[in-house]
Amino acid sequence: AYRRQRQMCIRDRPEGATPLGIGAITLIESDLIEEPDQLGNHDAINAFRARQTLIRAELNQPEVAVSYALPDGTVAQNSFEVRPRQLSDLPAAFWFQNIVGLVSIFIGGWVLGLRRNDWGAQMFALTALFVPVFAMAASIYSTRQVAIDGTLFRTLSSLNIIGAVAFGTALVGLFAMYPKPLFRPRWLLVPAVIYGAAITLSVLQLAPAEIGGLSVLSQMLIALILGVVQWIRSRREPLNRAGLRWFILVSLVGCSLFIFLSAAPVTLGLSDRGMIPQGYAFGFFNIMHVGLALGVLRYKVFNLDRWSYFIWLWVGGMFLIFVLDVALIRLLQVQPWMSLGVALLLAGFIYFPMRQLLLQMFLQRRSATLSGRMAGIVGTALSPTLRDQNLRWDTLLGDIYDPLAPVKPADEALELARIEENGLTLMIPGIDGLQPRRLRYAQRGRRLFSPNDLEVATNLVQTYKLAADSRRAYERGRILERDRISRDVHDNIGAQLLSALHSREVTRKDDLLRDSLSDLRAIINDGFQAQYALLPLLADLRTETAQRLEAHDVKLKWEGPELGAEDGPIVKFELVNGLRSILREATSNILRHSGATHATVLIGLLPGEIAIMIEDNGKGIAPDIADAGGNGIPNIMERASVLDGISAVTGRSDGGTGTRIAVTLPLYRDERQAAQ
């Protein structure tokens, strides 16, 4: 088809040569224009087509004389053999326009196949269908080397304007139907009939030649007006509004750039040609179709919503800079070189600060953040009851995301936060006894949940977990400290008070009571910070144990390290308290339950450890310690375990009746843990 429609081309034409005459015909400037509609009226267009027919007749000869201008400015004349055009002769603009048409068909078919029953998708497919009509028709005549037949030129030009107006009509229908129909679909016939009649009159030359361009401009304006109407109607529908915002943007960027850079300057009489060649301006329609396809399919609409703000600011920034510079040039015509300096000053002190302010207003205001929320998170996690935690958690989520619908518990189990319904819903997983939550319509329904909201939710959950873990650690510490004090009072204070109770000497009784008060203060105040010399402690324990047993006629045999010039190892209060408690509890058990007459205590210092063995000749203990009754034996075993030691309660080693308690404790728990 292109060989028949593109006429003949000159073989071996010099590189960069511009034809000035073909045979007996001297070429004029309008013979080489890209789009005849730029001529402005039907008479000029008809004259152009007539000249195209005459030039083609000259080119139909086997050989033709051609005069041409070379790039260096010289003029030459020569005779050339004429041949049909081949694929290699076609310029890049020809292929570009055809590719634009094919890409549009592919995108339109793809969207229609996914949403064939959606009126918005159907209108979108129509816009994609008409792009190749005007683009492919224009690709033939706009990239001709010299001339094609005038009748063929008229047919292709008519197809171009029909396709362009049909595209605009479908675009009006798209904004009328997306995201929700503004009226019954049958009313779409009204713009189709009106613009169909207008373009028919234009093709038949019964209306001004400008009617085609004006139709396209009016269609763009109507589409934007319908977009504004859709925007107003979707003020409480963030999903529709996000897609619509993207729709208006890509339509403005795509169609507007084509119209205002290619068609409008000629239609409005501002220039005799567009700012960029029409063939390459068709590429703007592919940009628009890709963006519209993402909107119709609602592909990651929460991302499109955010991207649109950035692009709007970018386009607005370019426009402001352009207007500012043009205004300065016109105002400073006497010294135009000053416009750049003044523009830079205004940009630095006015535009860029204002742009940053707009970014904060339109983007940061719309984003959820945990800034300043730490007190609320910790306060919620530390609330005393689950009911209070739930109430405060709902309030916290409401403050962060400001959802339109009340925060509701979700039935499904969640491991991670996620976005659902194309950004309408944010799911928050359950934490520490709290049910999962479902949030809908962010910021009172004015926007969609975005990846930033998802990140904030993830950080919120992790922060709450840390606060909840801290609460549980605090509660465990409180319980452990309470248990420690309870054991110390039972093992130490109880043993000393019992000794005081059975003491016959008033002075001894008073000393034991004073020691009890001193130990009670140490239990409460010293905690685990104080340090003691081990050998003096063992000497005191030996005396105390001997006195308690002697008061009940029980003889003591004590073997262990003796107090000398050195005080031995320095150990922490927790070990001191543990040793004292174990010995006192074991002594109390001998006195209360065993009925023994003899007791033996053996203490040995090993490298990094202390071993204690307490044995009596009493009636012994039940095999199941848990059934032995009382707290004594379990307390001894618990204390050994807490101090990372080992303990065993058995019968006597020599086979006689009685009980044997063996305990081994590390002297330095910190060093032992570090070594492990």
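The model is predicted, and local features need pLDDT of at least 70, side-chain atom pairs count only at pLDDT 80 or more, while totals for chains, interfaces and linings use all residues. Residues are numbered from 1 along each chain as its sequence is written, and side-chain values use heavy atoms, with hydrogens and water left out.

**Exercise 1.** Determine where glutamine 52 lies, whether glutamine 52 is buried or exposed, and what glutamine 52 is in contact with.

*Solution.* Start with the secondary structure, where helices (H or I, at least four residues) and strands (E, at least two) are DSSP runs numbered from the N terminus; glutamine 52 belongs to helix α2, residues 42-59. Next, take the relative accessible area, which is 0%, so glutamine 52 is buried (buried means under 20%, exposed over 50%, partly exposed in between, with a 1.4 Å probe and protein chains only). Finally, list the contacts (heavy atoms within 4.5 Å): leaving aside neighbours within four places in sequence, glutamine 52 meets Asp31, Arg144, Val146, Ala147, Ile148, Gly150 and Phe153.

**Exercise 2.** Classify the aromatic pair of phenylalanine 94 and tryptophan 95, and then the pair of tyrosine 401 and phenylalanine 449.

*Solution.* Begin with the rule: rings of Phe, Tyr and Trp (its six-membered ring) pair if their centres lie within 6.5 Å, and planes under 30 degrees apart count as stacked, over 60 as edge-to-face and the rest as tilted. By this rule the count comes to seven aromatic pairs. Phenylalanine 94 and tryptophan 95, with 5.2 Å centre to centre and 85° between the planes, are edge-to-face. Phenylalanine 94 is buried because its relative accessible area is 8%, whereas tryptophan 95, at 37%, is partly exposed. Tyrosine 401 and phenylalanine 449 are likewise edge-to-face, at 5.9 Å centre to centre and 70° between the planes. This pair links distant parts of the chain, 48 residues apart, with tyrosine 401 in helix α14 (residues 386-401) and phenylalanine 449 in the loop between α15 (442-445) and α16 (451-502). Both tyrosine 401 and phenylalanine 449 are buried.
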